[in-house]
Amino acid sequence: MNRKPELRGRAARLARLFPTGSGQAARTPFVLLVVLLLGGGLIGLLVLNSALSEGSFQLDDLQKDTKSLTDEEQALQRDVDAYSAPDALQRRARELGMVPGGDPAFLDPDGTVRGVPSPAAEQSSVYVPVIRPPEAPAPEAAETSPEPGPTSTGPLTGAPEPATETAAQPTPTSTIPGR
């Protein structure tokens with residue numbers, strides 16, 4: 001006589017909402033689901049943390065590389081500035097045997113010459129010492145020469161040959177109107 005009483009009305013409706021039978025069987029899948037979610041979350045956090053740490057190390061390496069490359073760029077820019085200074089350019093040109101040019105003459109599109117050209121100044125025999133920046137190594141040939149001074153003379157020094165009088169003063173054939 002283990003019979004349950006039958007419920008009627010409101011109590012019957014409420015009884016249908018609750019599961020009948022043992023509560024232990026319904027709890028097992030829920031507990032497994034919670035344990036799996038917690039374990040997966042912890043493993044996901046561990047993977048995320050290690051990925052962030054690796055990215056941080058890579059960022060640090062890239063910042064060091066950027067700093068060293070920036071320093072190298074600045075050193076190269078200082079060298080370019082030192083070599084492109086007017087006095088350095090003039091000194092290097094004199095080392096190559098070049099001399100300052102004379103007054104220029106211009107050729108107009110119609111073939112007339114404007115201005116009177118003059119020959120370049122004679123090359124002086126004044127010795128200009130070679131001053132190199134501290135970063136630039138001295139060439140091997142300069143250490144073996146016994147005497148400082150200009151080493152080469154002749155037409156291959158880079159100096160233009162003196163112009164003759166007929167080439168130095170061309171006669172204009174026509175003039176440009178309005179000038």
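**A charged network and its setting**

Guide: The side chains of Arg 92 and Glu 95 form a salt bridge, with an N to O distance of 3.0 Å; a salt bridge here is a side-chain nitrogen of Lys or Arg within 4 Å of a carboxyl oxygen of Asp or Glu. The model is predicted: local features need pLDDT of at least 70, side-chain atom pairs count only at pLDDT 80 or more, and totals for chains, interfaces and linings use all residues. Residues are numbered from 1 along each chain as its sequence is written, and side-chain values use heavy atoms, with hydrogens and water left out.

Arg 92 and Glu 95 both belong to helix H3, where they are 3 residues apart, about one turn of the helix. Helices (H or I, at least four residues) and strands (E, at least two) are DSSP runs, numbered from the N terminus. Salt bridges with shared partners join Arg 91, Arg 92 and Glu 95 into one network. In the bridge between Glu 95 and Arg 91, the closest N and O atoms are 3.8 Å apart. Because Glu 95 and Arg 91 are 4 residues apart in helix H3 (residues 86-95), about one helical turn separates them. Side chains of opposite charge can pair when their charged atoms come close.

As to exposure, buried means under 20% relative accessible area, exposed over 50%, and partly exposed in between (1.4 Å probe, protein chains only). Arg 92 is partly exposed at 44%. Glu 95 is also partly exposed, at 28%, and Arg 91 is partly exposed at 21%.

The count of salt bridges comes to 5. One of them joins Lys 64 and Asp 60, at 3.7 Å from N to O. Both residues lie in helix H2 (residues 24-83), 4 residues apart, about one turn of the helix. Lys 64 is exposed, with a relative accessible area of 54%, whereas Asp 60 is partly exposed at 34%.

Helix H2 also contains Val 34, which is partly exposed with a relative accessible area of 34%. Val 34 belongs to a nonpolar surface patch with Phe 30, Val 31, Val 35 and Leu 38, and together they have about 470 Å² of accessible area. Patches are made of residues with over 30% relative accessible area and no salt bridge; like charges are joined within 9 Å, and nonpolar side chains (Val, Leu, Ile, Met, Phe, Trp, Tyr) within 5 Å. Accessible areas come from the Shrake-Rupley method with a 1.4 Å probe, and for residues only the protein chains shown count as cover.

Thr 112 is placed in the loop between strand S1 (106-107) and strand S2 (113-114). Its side chain makes a polar contact of 2.9 Å with that of Asp 110. A polar contact is a pair of N or O atoms within 3.5 Å; within protein, one must be able to donate a hydrogen and the other to accept it, and residues adjacent in sequence count only if both atoms are side-chain atoms.

For the protein as a whole, 5 helices and 2 strands are present, in the order α-α-α-β-β-α-α along the sequence. Of its 179 residues, 4% count as buried. The protein exposes about 16100 Å², of which carbon and sulfur atoms supply 62%.
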